[in-house]
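Colleague: I have a model open on my screen and would like to learn how to read it. Could you take me through a few features?

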Amino acid sequence: MDSEPITTNRTRGTQAHYQALVNSAAAAILVIDERGIILDANPFTHRLLGYHPQQLIGKNVDCLMPPEHQGKHDHYLRQYITTGQANIIGTGRRVEARHQAGHVVPIHLAVSEVWVEDRREFIGIMSDMRALTQAQTRIKHERNQLKTIINAIANPVFVRELGGQYSLANYACLQALNVEHVEQLAEAIHGALPEGMRETLNALDHQLTLDGEPVHVDVTLRDGRTFKLAKTLIRHVEGEPYAIVTVGYDATPLLQAKHEAERANQAKSDFLSAMSHELRTPLNSVLGYAQLLQRSSSPRLTETQRQYVDQIHQSGRHLLTLINDVLDLAKLEAGKTVVNVTWYPVRALVSDAVRTLLPLAQQQHVELDECLPANLSGDLYVDPTRFKQVLINLLSNAIKYNHPQGRVWVEASQPSSTLTISVSDTGIGIAENRLNHLFEPFNRLAAEQSQIEGAGVGLAVSHQLVVQMQGEMSVKSQPGKGSCFAVTFPYRASTRPDDQGCTCLRVSQPHRVLYIDNNSARQRLMTDCFEDWPMLTLYHAHELSLAEAVALASPPSLVIIAADSVAATPEQIQAQFGDKPLIVLTDNPCDEPHNKPTLRRLSLPLSSADLAEAIQLLLEERL
Ligand code: ADP
């Protein structure tokens, strides 16, 4: 174009202005005649199409068209000239031009018609659309990618604009609501929601637009399916909210599985508690009558018969322990175990447990030592019966998984607001990779291959009991060297003047005590207490009929009864046992005041000091 003007009928000044404008324009400008021959071109043609203006002048404009449009241009021009029917002239549109190098360039083409004297010419302005096309392609690509990702999500996702219109829904969403297009979503959702739910969701959406805090809500549809929904606000780049995206999760199978599991668990608990009665009652009878046989003097049993009865008794006790452990576990898992935590003298707890395990330690040739500091006289905040159960389990394991001539010892940490009681042993230890499985029920960590008896339930029960009493249990172990199990509970220094809860009992002559209780944990505690009182012999019966048989064989001096084990009143029981002194163990000792000197009520959980005091009073001092 250089020095040649585009138009010739302009003044020189105006001509110069136009020339500058055309030369510096960021668009390619071409002038063509009626036949399509290029008369003039500006320098931008080089930037846009690779041609210098001189290379274009004199050529037919169809050299700038992609091969598929070449030739058509002549036809358009002729058509316009003969019919006046414009295809592109007077308007603009996006088309493609051909670069000198052969590739296609996206452009916007605007063509206008000019009359120069009697000649008709056309001016074409080609704007570069490459950047815009690239940006549009990128957006299209990203949209496509997003759409693919959203559709690939197995969870329902939908977007609802704040005006209420649904603008996006993925396949999973359409499928979940059984529709084909997002336009059908509003109606489908409306039909699926139960009465009142739509209002609730609208209120949540409204709240979300106000505070922007993501919302989580569970929705159960009319057809019974439950979806967990997470709603998030979507904002324009400027920050203005315009829609809410909801991602759903069909929790129905999970909830069904949970209900199934709960039902199965309930069935298991029901079964176990039924079995508890069915198994324990006859087993207690077997044990009770075996005890009677062991003690019977007329007719005297032969040595072999006595051995048989001993064996029945020993195996029965073992079986009872197993049943009790399994039932304890079932109850704990079903959340049915109640623990009654109270402040209780730590020394009495530890001494009782150690005393209970001394016979086992002796039998296994293991030394068992209580190494509590002499001045430790405070209380632990525990359920005494349950705490003893835990300690007895730890001690019996420490003895069982030990070697002859090994050692087990119980220590206490420095007391503060908590106290840690640890049971250490010089036994076989536990491999590090097994420690994680220690509290799994029925997992014996390969001990099942040994001769050592057990069911792998004790530690699981102990651990859960400790947790339920708000305590902590920890373990350290070294294979071949030994283990240390520790439990930690709240502790307070003693508030009693004589602080240890005196469990001493001074009776001048031997007595038989008949104890009626069907609670295994209490039975264990009671047996422990009586081990301290050699002048007293404890006869245990879990039910009244057995107690009567025992009383006939060996008349007792005193009867102890757990109120929840029998249906009879204390008066009826006393009448049944010849008005013997009676101790009633009850949850509510103050409920029924009485002034009978031969009757004492003691509160549960059982305190050995209170028991000693009551026995002393009833057996000796009342006389
Ligand atoms: P079990 O009836 O088998 O003794 P527990 O639940 O009491 O069941 O213990 C689970 C397992 O942990 C045991 O079988 C044993 O392998 C291991 N274990 C527990 N205490 C000790 C210990 N003091 N030393 C070594 N191993 C132990």
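Modeller: We will go through the ligand site, then a pair of helices, then a loop. This is a predicted model, where local features need pLDDT of at least 70, side-chain atom pairs count only at pLDDT 80 or more, and totals for chains, interfaces and linings use all residues. Residues are numbered from 1 along each chain as its sequence is written, and side-chain values use heavy atoms, with hydrogens and water left out.

Colleague: How many residues surround the ligand?

Modeller: A residue is near a molecule if one of its heavy atoms lies within 4 Å of it. Here 22 residues surround the ligand, and the closest are Asn397, Tyr401, Arg444, Ala455 and Leu459.

Colleague: Which atom of Ala455 lies 2.9 Å from an oxygen atom of the ligand?

Modeller: For Ala455 that is a backbone N or O atom. Gly456 also places a backbone N or O atom 3.0 Å from a ligand oxygen. In Ser483, a side-chain N or O atom is 3.5 Å from a nitrogen atom of the ligand.

Colleague: How much of the ligand does the protein bury?

Modeller: Accessible areas come from the Shrake-Rupley method with a 1.4 Å probe; for residues, only the protein chains shown count as cover. The ligand exposes 530 Å² when taken alone, and the protein buries 96% of that.

Colleague: What angle do the axes of helix H9 and helix H16 make where they cross?

Modeller: Helices are DSSP runs (H or I, at least four residues), strands likewise (E, at least two), numbered from the N terminus. Axes are lines fitted to C-alpha atoms, for helices over the stretch in contact, and angles run from 0 to 180 degrees between N-to-C directions. H9 (residues 252-295) and H16 (residues 544-553) have axes that come within 11 Å and cross at roughly 5°. H9 is therefore roughly parallel to H16, a term for angles under 35 degrees.

Colleague: And where is Asp223?

Modeller: Asp223 sits in the loop between strand S8 (215-220) and strand S9 (226-235). From Asp223 to Ser557 is 334 residues in sequence and 69 Å in space, C-alpha to C-alpha.

Conventions
Polar contact = N/O pair within 3.5 Å; in protein donor to acceptor, adjacent residues only side chain to side chain. Parallel < 35°, antiparallel > 145°, perpendicular 65-115°, else oblique.
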